[in-house]
Every structure is written in C-alpha cells, then in structure tokens.
Amino acid sequence: MGDPKLPGKIAVLTGGGRGLGRSLVEALAAEGADVGLSFCGSREGAEGAAAAVRGLGRRAFVGAADARQRGAVAAFVHAAVAALGGVDILVNNVGVFRKAPVGRITDEILDEAFDVNVKAAVMASQAAAEHMRPGGVIVNVASLGGLRAWGTYLPYCASKASLVMATRCLARALAPEIRVNAVAPGILEPPGAEDAVRERVPLRRFGSHAEVVKAVLFLAADAEYTTGEVLTLDGGRGLV
C-alpha cells in the first residue's frame, strides 16, 4: 500500500450509513481522513461505519439528518465541523431513487426528489463552504439518470440533472478556493438484474461501489486542476 491520499484531512459525507455511502466513509478513513457522516433511517449502519473509521485510527462524528426536512442537512454539516474542527472535503451522497410513471407523479414525489437529490447538496455545500480553507473539495454523487432520459423515472432524472447543473454553478461560484465536481454512476451491482439489461452496457457488466469510490477519491485528492466536471462511470451505457 502507498502513502494515504488524505492525511490529516476532515471529510463530511451525507448518507453514510449503508451502501455506497458506507463504502465511501471507510475509504476516506483508510486514506487518512477523519469523517463526519449523516444518516436518516440507518443509525445502526452509521454507527457501524463510525466504528470502522475509529478502527482505522481516525476520528468519526455521526449525526442524524433527514434531507427532506428544511435545514437538517446544513445543521448536520455545521455540527460535524464543530465536532471535528473543520472540513476539507464534502461528499454529497444522500439521494432517493423512486420509480414514478408520469401518470403517477405527485407533488410529494417531486418534492422528495428535489429536496433530497438537489436541495440537500446545495445547502450542505453552502454550509461547508463557510468553513473550508482554500483547497477545499466538494464531490456530488449524481447519476447517469441526470444525463439520460428515463421515462418512468422523471422526478429522479430531473432532480439529478439539476444536481449536475448545481455542480457546475457551485464550481463557478466557489472558485478558485474550492473545487466542485460530480460522479455520475450508471447501474451498480443491482440485485437480480436481468442479463438483457447487462447486455445493453457496452462493457457487458455493471459497475461496483469500489469503482465509484476510486472516482470520488480521485476527484478529492488528485484532480487538482479539475472543477465543474461530471465523471461518468457507466460502462459506456450513455453511448447507446
């Protein structure tokens, strides 16, 4: 193993109790960062992730934050900064994925999609930017759905497309002190996915959490001359 990429850094991540979020938490700690992470319905998972961070010799902070509630995510960021003594990296990972054919879309479904997938990231970024020193980094977890139109996922696609544009706007607004980029994963290790779906991916396989983690770490630690970009990780699915 080489030297850690993020020694002494402080990372704050939304939605870190399970799935990709937990993988990101553990990877950030493994690269030398202290980590603050939020959860909504997965306290046990979040505490487990925090224990893994501490097991790697790093500090951890865990806070509840329901991204559907106004002010909750920003309050979590401020609490994490107070507990850990700052923030160098913000990863906006929290998101909601819900199938919604056009005839079944409701105000509640739209509100949830935009509150969780867009507003939470913007308000967390605003809160983190208050405390970041020059050289700070924000990485948003967008989606291939924000770049392609999926007819039965309009709220998801529209909100993730908004997150892509928010990434670019934040990059302009916060430069040169803070870099802002996004990753846009395609299909990641879906349970019980059909072979026909896999065959539509040019690389003939689905992505992994590990591959997204590598991309986030690259944007956080190595891409020093990159801002306002969206790194797509879809096996070429966006080409067809």
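Before anything else I noted the pairing rule: two strands pair if DSSP finds at least two bridges between them. Helices (H or I, at least four residues) and strands (E, at least two) are DSSP runs, numbered from the N terminus. The model is predicted, so I kept in mind that local features need pLDDT of at least 70 and side-chain atom pairs 80 or more, while totals for chains, interfaces and linings use all residues. Residues count from 1 along each chain as its sequence is written, and side-chain values use heavy atoms, without hydrogens or water.

**Strands.** I found Phe 39 opposite Ala 64 in E3. Strand E2 (residues 34–39) runs parallel to E3, with five bridges. Four of the five residues in E3 (residues 60–64) are buried (under 20% relative accessible area; exposed is over 50%, partly exposed in between; 1.4 Å probe, protein chains only), so the rest of the structure largely encloses this strand.

**Salt bridges.** I used a side-chain nitrogen of Lys or Arg within 4 Å of a carboxyl oxygen of Asp or Glu, and the count came to 12. Which residue does Arg 98 bridge to? Its partner is Glu 112, at 2.7 Å between the closest N and O atoms. Arg 98 lies in the loop between strand E4 (89–92) and helix H4 (107–129), and Glu 112 sits in helix H4, 14 residues apart. Arg 98 is partly exposed at 38%, whereas Glu 112 is buried at 14%.

**Loop.** I ended at Pro 176, between helix H5 (154–174) and strand E6 (178–185); its 73% relative accessibility makes it exposed.
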